[in-house]
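Thank you all for coming; I would like to walk you slowly through one structure today. Please have a look at it first, and then I will begin with a single residue.

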Amino acid sequence: MMKITDLAACGLLVSSLLGSALQAAPASSKELRDYRAVALSADGQRIAAIESSKADEQPQRPHAAIVVRDAATGAIVQQFDPCAVCSYDKPSWSPDGRQLAFVGYDAKAGVAQLYLATLTQAQVRVLTSIRGVASAARWSPDGKQLALLATLGARKLAGAVEAGVRQVGEVGSEDDAQRIAVVPASGGAPRLLSPNDTYVYEYSWTPDGRGFVATSAQGNGDSNWWVAKLSHIDALTGELRVIAAPAMQLNLPSVSPDGKTVVFIGGLMSDFGSIGGDIYTVSLAGGTPRNLTQDYRGTFNGVVWRGSGLLATALIDAQLALVPVDAQTGPAQPVLLGEISSSGSDGRLSFSADGLRAAAAQEDFTHASYLVAGPVAQLKKITRDNDGFAPQLTVQNVGWNNEQYKVQGWLLGPSSLASGKRYPLIVNVHGGPGAAASPRYVAASTLIHELTQKGYFVFLPNPRGSFGQGQAFTRANMADFGGGDWRDILAGIDAVQKVAPVDGQRLGLIGHSYGGFMTMWGVTHSDRFKAAVAGAGVSNWISYYGQNGINQWMMPFFGASAYDNPAVYRKASPIESIKAAKTPTLIYVGERDVETPAAQSLEFWHGLRAMGVPSSLVIYEGEGHSLRKIEHQRDLQQRTVGWFEQYLK
């Protein structure tokens, strides 16, 4: 459903850790360096990433560049920034490690360009231009061609969290189609391959270079990812053949070196990009997928072929882990990497061709982003641009038991506490529900930093439905939204009160997306909270079913349509219990939100007003499910802090 996960990570106030114009020299001690889309070369000697720097207090995302570093020392080898007004997509190394391909997108012009950079040259070549949007450049195994995902004449940015098109004219008569396109490495016009009625979400080349394995669905790309199929697309004719159509969500498909087997991550997932599930394999010729990690007590979020086996990453409870997986016998003993967040081009890490070395960008709540590289079990820190930033808050990993489940969450608090004093607590419910609140650096510009500086504790629970404890835990709130997951959160608040000096009479509740729904649910099912902020929530699942632009996501989570089983939808609708609401609530949403239309927030606001509950509704002009405009992010942060200050202090 909804990929926004937590306030510290790109969710509610979305001030990620980016900055002003990139300089060749390392950032000063007053600037945060950000690393994204980390890609390790095949030989493990070079790292390419999207990098930028900014002053810590600045919330805006600055222009970034493609930076190449030595994997052993972290020293900058080369950097490329051919378009001063473009945002860049993740870079892709050529098989010989001498060149990089990447896409730059000029939002104002509505043009995407495929660039080719050579390490020995400062000049960057434009291989092709596309009027529309493009992403995911990938080299063919022989290095003679490049593929990418292209949407010609795109009416919106790719992804359901982006602002939707205006609903005027004949609605649904024209959908964007994201297709695989191929361009010669020497340059030229793109050749569109995949069918024009099919939206391709992910793809990778087959080892022989004669085709692609992909996840794809016919029709609207925003809605149909939840019913996407695993497919093969011929690189010559574009013919699409379905390999498998399991009743699950699919991510990260790739083919074994011998060209016989496809691996992918499958499971119950809330949104494209929020990856979590088990590891499956299936014959490239077609068949029934086989689960290699059945009943694994962890959530897999990355997988690649290396030799005859697989390397995977997983969230196990609160820790990221590297998990070798045998394609026949399943997972081996995991290597725990720590309570961190990590990102690389192969999921959470990026691996060399032999699988012996890896690289990634890592961070946690008190340590800003840095690059690591080295042998897979001995990754070492190779950049220190952000070492000057001291921890901004206290962090506790809190665990508790509720019913038959072991649950985990994070408690963030002020850096100094007065003896005998009790502090207000704000409970922040992550989006999803298939996601997890994970360690993300709390920069000075973020809401969590401002709240903890003002003397609040912030609690980030991972109730049933979250990632981290395997598919049984993730599936435990199916057709039970607001049931067991809500009881887990209430039990978590009780657990927090036992380990921290929080005031149970000054509780706040906040969330975005699924967390926005849970906030609406919370204020209509509990009188414990004295203030709430509900972002992009769902108040009435019956009306929502007919309003949203991603209704296919609801079938896996509710088990039936709202027309076939309306009772389960009504049971989970906060509006059904609106008469119980007493908590002052600030509500906000994007005007063109595809995932949770503004009408849902309007309906809840109307109900609160009818009950005489203090409330405020803000609809942000032109925004989608994620707020992109800096002025809107700032406005929301000011309103949120002001709301809690008014009712909790």
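Predicted model: local features only at pLDDT ≥ 70, side-chain atom pairs only at ≥ 80, totals over all residues.

Let me start with Glu 403, which counts as partly exposed because its relative accessibility is 45%; here buried means under 20% relative accessible area, exposed over 50%, and partly exposed in between, with a 1.4 Å probe and protein chains only. Glu 403 sits in the loop between strand E31 (394-402) and strand E32 (405-413), where helices (H or I, at least four residues) and strands (E, at least two) are DSSP runs numbered from the N terminus. Its phi is near 55 degrees, a positive value in a residue other than glycine.

Residues are numbered from 1 along each chain as its sequence is written, and side-chain values use heavy atoms, with hydrogens and water left out.

Leu 252 also has a positive phi, of about 55 degrees, although it is not a glycine, but this residue lies in strand E17 (residues 249-255), and it counts as buried because its relative accessibility is 19%.

Another backbone feature is the cis peptide bond that joins Gly 432 and Pro 433, with omega about 10 degrees; Pro 433 belongs to the loop between strand E33 (423-429) and helix H1 (447-453).

Turning to the cysteines, how many disulfides does the structure hold? There is one disulfide, a disulfide being a pair of cysteine sulfur atoms within 2.5 Å. It is formed by Cys 83 and Cys 86, whose sulfur atoms are 2.1 Å apart, and the link is right-handed, with 65 degrees about the S-S bond. Both Cys 83 and Cys 86 are buried.

Finally, consider helix H9 (residues 630-648), whose 19 residues reach 27 Å from the first C-alpha to the last, close to the 27 Å expected at 1.5 Å a residue, where the expected span is 1.5 Å times one less than the number of residues. The buried residues of H9 are His 632, Gln 633, Leu 636, Gln 637, Thr 640, Val 641, Trp 643, Phe 644 and Leu 648. They cover an arc of only 160 degrees around the axis, which puts them on the same side of H9; the arc is that of the directions from the helix axis to the C-beta atoms. On the other side of H9, Gln 638 and Gln 646 are exposed.
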